[in-house]
Amino acid sequence: MMKVGKFKRNFWLSSEIDCMLKIFKEIHSVQGSTTTTHYTFIQIANKMRKRGFVNKSPAQIRRKWFQMKSAYLCYKRGNVGRLLLIPERFRPIIATFIDNEYKNSLWLQQSESSENLDIEIEDEFDIGKSSLASVRNLQQQFLKDYEEMQKSLLQLQFKYQDIQDKNWIKYLSSIDLSTDTQCSV
């Protein structure tokens, strides 16, 4: 005989992750910071319940957030395999949150050191401002092209993620039905 709690594992559908991240964005825009406290996760859980996602506790939301954050940070350090823990359609959103979080926390330290570094680079390598500006323009164009390519790949991922979610729902529903029939016998 299986315990009922066995089916209440921390499995996340794309719609649940999407809702969590939208609420996360709302809360951070109101707070004006990217800090995550216990209260933040309670707020997210309450708002998710109001939007119809009643099965996620603050602890589960916190665990999912830090799992995705950890996966992204490991990816940035070179562990590409960890990135697979984040569904592809949510990777840019996670990247934006985390990069902004670190940018805001290190902003004062980096602003002074980056200004000094720019001056040192220009002096040491005798690079004119126009050459540096052209390098920056090329970098911006590369990033723009990369974002466009990423958007087209995300559209394809959305399609396959929805199919995968539907298959998971079918599978989990079939397990529930088979468990109900076994219990009634």
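Helices here are DSSP runs of H or I with at least four residues, strands are runs of E with at least two, and both are numbered from the N terminus. The patch covers about 670 Å² and is made by Tyr75, Val80, Phe142, Leu143, Tyr146, Met149 and Leu153. To get into a patch, a residue needs over 30% relative accessible area and no salt bridge; nonpolar side chains (Val, Leu, Ile, Met, Phe, Trp, Tyr) are then joined within 5 Å, and like charges within 9 Å. The areas come from Shrake-Rupley with a 1.4 Å probe, and for residues only the protein chains shown count as cover.

Before I go on, this is a predicted model, with local features needing pLDDT of at least 70 and side-chain atom pairs pLDDT 80 or more, while totals for chains, interfaces and linings use all residues. Numbering starts from 1 along each chain as its sequence is written, and side-chain values use heavy atoms, with hydrogens and water left out.

The overall layout, then. The protein chain has six helices and zero strands, running α-α-α-α-α-α from the N terminus. Of its 185 residues, 26% count as buried. Buried is under 20% relative accessible area, exposed is over 50%, and partly exposed is in between, again with the 1.4 Å probe and protein chains only.

Helix α3 itself has 19 residues and reaches 27 Å from first C-alpha to last, close to the 27 Å expected at 1.5 Å a residue; the expected span is 1.5 Å times one less than the number of residues. After α3 comes Gly78, with a positive phi near 115°.

Now the rings. How many aromatic pairs does the rule count? Eight aromatic pairs, where rings of Phe, Tyr and Trp (its six-membered ring) pair if their centres lie within 6.5 Å, and planes under 30 degrees apart are stacked, over 60 edge-to-face, and the rest tilted. Take Phe24 and Phe41: the centres are 6.5 Å apart and the planes are at 50°, so this one is tilted. The pair links distant parts of the chain, with Phe24 in helix α1 (residues 14-31) and Phe41 in helix α2 (residues 38-50), 17 residues apart. Both Phe24 and Phe41 are buried. Another pair, Trp168 with Tyr171, is edge-to-face, at 6.0 Å centre to centre and 80° between the planes. Those two both lie in helix α6, three residues apart, about one turn of the helix. An α-helix has 3.6 residues a turn, so residues three or four places apart point the same way. Trp168 is partly exposed, at 30% relative accessible area, and Tyr171 is partly exposed as well, at 47%. Ring pairs also link Phe24, Phe41, Trp65, Phe66 and Phe97 into a cluster.

On to charges, starting with Lys56. Its charged end sits over the ring of Trp12, 4.5 Å from the centre; the rule wants NZ of Lys or CZ of Arg within 6 Å of the ring centre and within 35 degrees of the ring normal. Lys56 also forms a salt bridge with Glu16, with the closest N and O atoms 3.9 Å apart. A salt bridge means a side-chain nitrogen of Lys or Arg within 4 Å of a carboxyl oxygen of Asp or Glu. Lys56 is in the loop between α2 and α3, Glu16 is in helix α1, and the two are 40 residues apart. Both Lys56 and Glu16 are buried.

In total there are five salt bridges. Another one joins Glu26 and Arg51, at 2.9 Å from N to O. Glu26 lies in helix α1 and Arg51 in the loop between α2 and α3, so this bridge ties together parts 25 residues apart in sequence. Then there's Lys22 with Asp18, at 3.2 Å, N to O, both in helix α1 and four residues apart.

Last stop, Lys25, also found in helix α1. Lys25 is exposed, with 58% relative accessible area. Lys25 and Ile93 are 68 residues apart in sequence, and 9.5 Å apart in space, C-alpha to C-alpha.
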